[in-house]
Amino acid sequence: MSDLPPLSVTALARENQKQWFQEFRARVLQAGEPYAIAAAVAPHEVFHAMDVPVVPIPWYSAVISAKQLSPYYFSLMENMGFHDGLPRYSTLPYISTLDNDPARAPYGGLPKPALILERLRSDYVQRVGELWAEAFDCPLVLMDAPGQTELRPGWPEAAQHGWEALYEPHRLDFQVEQLKALIHTAEQATGKPFRQSRLERDMANINRLGEVIAEARDLIASAPLCPVPLAEQLTNVMACTWQRGSQWAIDHANAYRDEIADRVAAGQGICTGEKRRLLWLNNGLWFNTAFYRYFEQSHDTVFVWSMYSDFLSDGYRKYYDSDPLRALAARHISMSEQLHQPPWMAEWILKQARDFRADGAVMLTPVNDRMASLGTRLCKLALEHAGLPVLEIRANAVDARTWDDETNRARVAQFIEERVTSAR
Amino acid sequence: MTALADLHARYAARHCCRAGGVGLITPIAPIELVLAAGLRPVRLYGQTDRMPTLADRYMEAEMDGEVRSLFDQFLQGRFAGLDLALLPHASEQHLHLKYYLDEAQRWEPELDMPPVALVDLLQTPAWATSRYDRDRIDNLAQRLGTLGQPITAQGLAQAIAQVNAMRLALRRVVALRSAGRITAADAHRFAALFGAVSASDYADLAGRLADQSIVQTAGLRVVLSGSMRDDTRVYQALDDAGAVLAVDDHVAADRLGGPLVEPETDPFEAVTEYYQLHAPSVRQTPQRPLDEAFVQRCQDAGAQVHICVLEDVDDTLGWDWPRRRDLLQAAGIPSVLLTGRGYFDPDDGALKATIAQAIALAQEAAHV
C-alpha cells in the first residue's frame, strides 16, 4: 500500500454530490419546483431536457447504506409485513418514505416527487413503484422492457455505432413510443416543456463524456501500477453518470482523467508492490468500500475494476445520425441484459479482464436481490473457462446485516493465496 | 388415484416422449394461435418431484423452481421431440429461461433441444404496448403458419371459440370446487390440463366431474393465494383438513377461466388485447385493482380465511401481501402467510401448521 492521497477530484465529486442535493432541496422544497425519482436504468435524459432534477433510486439507496441506516430500514420493512426475502437494493428509498422521519433519513429524506419512473426489469419493480407512488400520492410511469429475441455476441463492439441491429428494430420502435409517452406525461406532471435542443446537446455531451471515461479507463488498465483505488473510481464515475449531459460532468471527467494520467506518468500506484489485479463483479459493496483496499498491503493485490468503472463509456455512448430519441431508446433498452445476462455479462467482463490484465475476480452474488444474481453462474463458468479464477461471495450490497467482514476478508485472502497466485 | 389424477399423470409423463407439437410454458401462452395453425399444443410443466441435476451447472438456485425444473428438462432432452417450444414473457423468470437456454446451447451444441421462441407479449396497459404486442402476435402467427397451416382470421376465430370453451369448462369446475362438490386437488389437476387436451375433451371432462361430484359437508371456506403450484400437495393438505377451497388465486388457477376472448371485429386484435390486459400473470399491472378484485372474489365466495403460500425464492408476490392482508381484514377475512416453501421437497409440516393456524383464526373470527 502506498501513501498516495486521494485524488483531488474525488473530494470535488463528493462535494458536488452534497452541493447538488442542497441545490435540489432548495429548488424543490423552497422554490417548489417539480422533480422526478427514477430507476438507474431509466432515461433521466428526458428530465434533464426539461430542466427537472432527477433522484436516481440506487444513488439514494447507496447513500442510505453508506450512512449505515439499512439495518434500521430493513427491520422496519419486516415489521410492516414485507418478508425478509424481498429485494433490498432498490427498495430502501421506498422504505425510508414509509418511515417518514426526516431527522433520520439522509439529507432529510426525499420530498414528494412530480412522478416516479420505473423500468420493468423485474416483476417486483412495478409493485414497489406503485406502492411508493401511492405513499407519495404521485403518478407512476412504467416503461416496459421488451425481451431481446437473441443476445448476439459482440455487444461491446456494436453498442456504440451498430446499436440499431444489436437491440433489434422492433424493440427500439416500441421504446421510442414509450419515450414519447413519458415525455407527454412528464410535461403534464411538471408543467415544464421538453426541449429537443437540450436533448441533442446532452446526447452529444454524454458521448463526449463516455470518450473521456474511456481514456481514463485505458490509462488505469494499461498502467504498470493501478493509479486509483476502486472506491474512488466509483465515486468519480458515478457522479458523472448521474449528471451525464452536463458540462460539469465533462469537466470533472477531464480532471479525473488528467489526474490519473499524471500519476501514471509519475509511475505512481496505490500499491507500490502490486503483483496481482482483481476485478470486483456485480453490485458495489456500498456499506464497506474500504474492503476493496484490504489486500494491498497484505497480498500486494489491488481491486482494479468494477462495472461502475467504465459502463458509462461502453454502455452509455450511442452515436447517431439524425434521431436522438432513438439513440436514447437504445441507451437503456438492454442495460439489464448487458450487466446481468449471459452471455452479454460474461462477454463484457472477459474483455475487461484482458484489458485490465486481471488475475482473478471476486463476484458478489447478491442475497435477496435475485435480479442482480442472474447470470452469475454462467459468468463464473465463462471466466474460469478463460482461465480467470473467480471467488463468489454471497451477500447483499446494501444490507450490512448479511456481511461478515472477518470471514469474507479471510476468504479473499485464501483465494488470492491459493488460486490467484497459482493462476499466474 | 382418481380418474382425473390418472389422466393428468399420464399426460404429464407422456408428452415429452411424443413427436411433434408446440410446447407451451405456462398456460397463458397464446394457445389460440397454435390451434389456428393446426398444430398440437403441448403443455410443459415443472416437476416438483425431480431435483434439477443438469440445470444447476448454469442456473442460479434463486430462480423460480418451475423455471429451474423446465430448464433441467430441456437440458435432459425431454422436450427434444417438439417442433417448437414457446416461452411467453409471462414473468421475467420466463424471459431469462429463454436467454439461459440459448446460452446452454452455445456451451453444449450437442444438446438435444427443440427450437425455442420467445413470445414477448407485454402487459403494461398502454397503447404503445398494444401495438408492440400486435406486432409480436403477427410475427408469431407467421412463424406458426409456416410450421403448420397459414393462420386466417376465420381459423383464428374458430380457435378462439375452442379456447373460450376451455375457459367456460374451467369456470364450471371452479364453481364445483367452490361449492365443495369436488376436491381442491382434483380442481387443480383439471386446471393443469388447460390447453393440454382438446376443447371438447376438456368440456367432457368437466361434465364428468359434475356428474360424479357429491354434496359434501360444508367445511371452512378457504382462499389460497401466492406462488404458482405444479403439484397437488397444498391442495391435498387443504382437502385433508376438511376445508373447501373457495378461491384459488395464482396465475394458473381460477383466473384462467376469464374473461373470454371477444373477437368483435379482428380476431388478431382480440387475442392481442386478451394477452396484454387479461392474461393472468405476475406482470399484470397496476396491482391495486387486481387486489381489490381479489378481495371482491373472496367476499363473493363467502371466504372465511385467506392463506398465502410463497415459494422460498419469492421476490415479487411478497410485496402484495400487506395490502391484501389489510383489505381482507377490513372485509372480516383474516389472513395467514407461509413464506419460504420450497418448490422441491417442501416442508409439509410447516404447511399443515399454517393451515391449522388459519382454521383457528377463522374460528376465532367467527366467535367475534
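**Notebook: cis prolines, chains and the contact**

I began at B:P286, which I found in the loop between helix 10 and helix 11 of chain B. The peptide bond that joins B:T285 to B:P286 is cis, with omega at about 0°. I note here that I am working on a predicted model.

I then looked up B:P259. A cis peptide bond joins B:G258 and B:P259, and its omega is also about 0°. B:P259 sits in the loop between strand 6 (244-249) and helix 10 (267-278) of chain B.

**Confidence**

I checked the scores before going on. The model has ipTM 0.95 and pTM 0.95. For chain B the average pLDDT is 94. In that chain, 97% of the residues score at least 70.

**Positive phi**

I searched for positive phi outside glycine. A:D137 has a phi of about 60° and is not a glycine. I placed A:D137 in the loop between helix 6 (125-136) and strand 4 (140-143) of chain A. Is A:D137 buried or exposed? I counted 7 other C-beta atoms within 10 Å, so A:D137 is exposed.

B:D345 came up in chain B. Its phi is near 50°, a positive value in a residue other than glycine. B:D345 belongs to the loop between strand 8 (335-341) and helix 13 (348-367) of chain B. B:D345 counts as exposed because it has 9 C-beta neighbours inside 10 Å; the cut-off for exposed is 12 or fewer.

**Chain A overall**

I listed the secondary structure of chain A and got 20 helices and eight strands. Its C-alpha atoms fill a box of roughly 60 × 50 × 40 Å along the principal axes. I tested the radius of gyration of chain A. A compact globule of 424 residues would come near 22 Å, and chain A has 21 Å, which agrees. Buried residues are 57% of the 424 residues in chain A. I also looked at contacts in chain A between residues at least 6 apart in sequence. Of these, 79% join residues at least 24 apart.

**Chain B overall**

Chain B holds 13 helices and eight strands. Its radius of gyration is 20 Å, close to the 21 Å that the globule rule gives for 368 residues, so chain B is as compact as a globular protein of that length. The C-alpha trace of chain B spans about 65 × 50 × 40 Å along its principal axes. Buried residues account for 54% of its 368 residues. Among contacts in chain B between residues at least 6 apart in sequence, 76% join residues at least 24 apart.

**Domains of chain B**

The domain assignment gives chain B a domain 1 (3-153) and a domain 2 (218-367). I took the C-alpha centres of domain 1 and domain 2 of chain B and found them 24 Å apart. How many residues of domain 1 of chain B are in contact with domain 2 of chain B? I counted 28 residues of domain 1, in contact with 27 residues of domain 2. On the domain 1 side, helix 2 (31-36), helix 3 (65-76) and helix 5 of chain B each supply at least two residues. Helix 5 gives the largest share of that side, six residues. By type, the domain 1 side splits into twelve nonpolar, nine polar and seven charged residues.

**Contact between the chains**

I moved to the contact of chain A with chain B. It takes 41 residues from chain B and 36 residues from chain A. On the side of chain B that touches chain A, helix 4 (92-107), helix 5 (127-147), helix 11 (287-300) and helix 12 (321-330) of chain B each supply at least two residues. Which helix of chain B gives the largest share of this side? Helix 4 of chain B does, with nine residues. I sorted the side of chain B by type: 16 nonpolar, ten polar and 15 charged.

**Core**

Last, I looked up the largest nonpolar core. It has 261 residues. Those with the most contacts inside it are A:L279, A:V304, A:A361 and B:V222. Helix 6 (residues 153-178) of chain B gives the most to this core, ten residues. Domain 1 (3-153) and domain 2 (218-367) of chain B each contribute at least three residues to the core.

Definitions and conventions
Residues are numbered from 1 along each chain as its sequence is written. Chains are lettered from A and ligands numbered from 1 in the order in which they are written. This is a predicted model: local features need pLDDT of at least 70, side-chain atom pairs count only at pLDDT 80 or more; totals for chains, interfaces and linings use all residues. Two residues are in contact if their C-beta atoms, placed from the backbone, lie within 7 Å. Helices (H or I, at least four residues) and strands (E, at least two) are DSSP runs, numbered from the N terminus. Ala, Val, Leu, Ile, Met, Phe, Trp, Tyr, Cys and Pro count as nonpolar, Asp, Glu, Lys and Arg as charged, and the others, Gly among them, as polar. A nonpolar core is a set of buried Ala, Val, Leu, Ile, Met, Phe, Trp, Tyr and Cys residues joined through C-beta atoms within 7 Å. A residue is buried if 20 or more other C-beta atoms lie within 10 Å of its own, exposed if 12 or fewer, and partly exposed in between; C-beta atoms are placed from the backbone. Domain bounds come from an automatic or database domain assignment. The radius of gyration is taken over C-alpha atoms; the globule rule is 2.2 Å times the number of residues to the power 0.38. pLDDT is the predictor's confidence in each residue, from 0 to 100.
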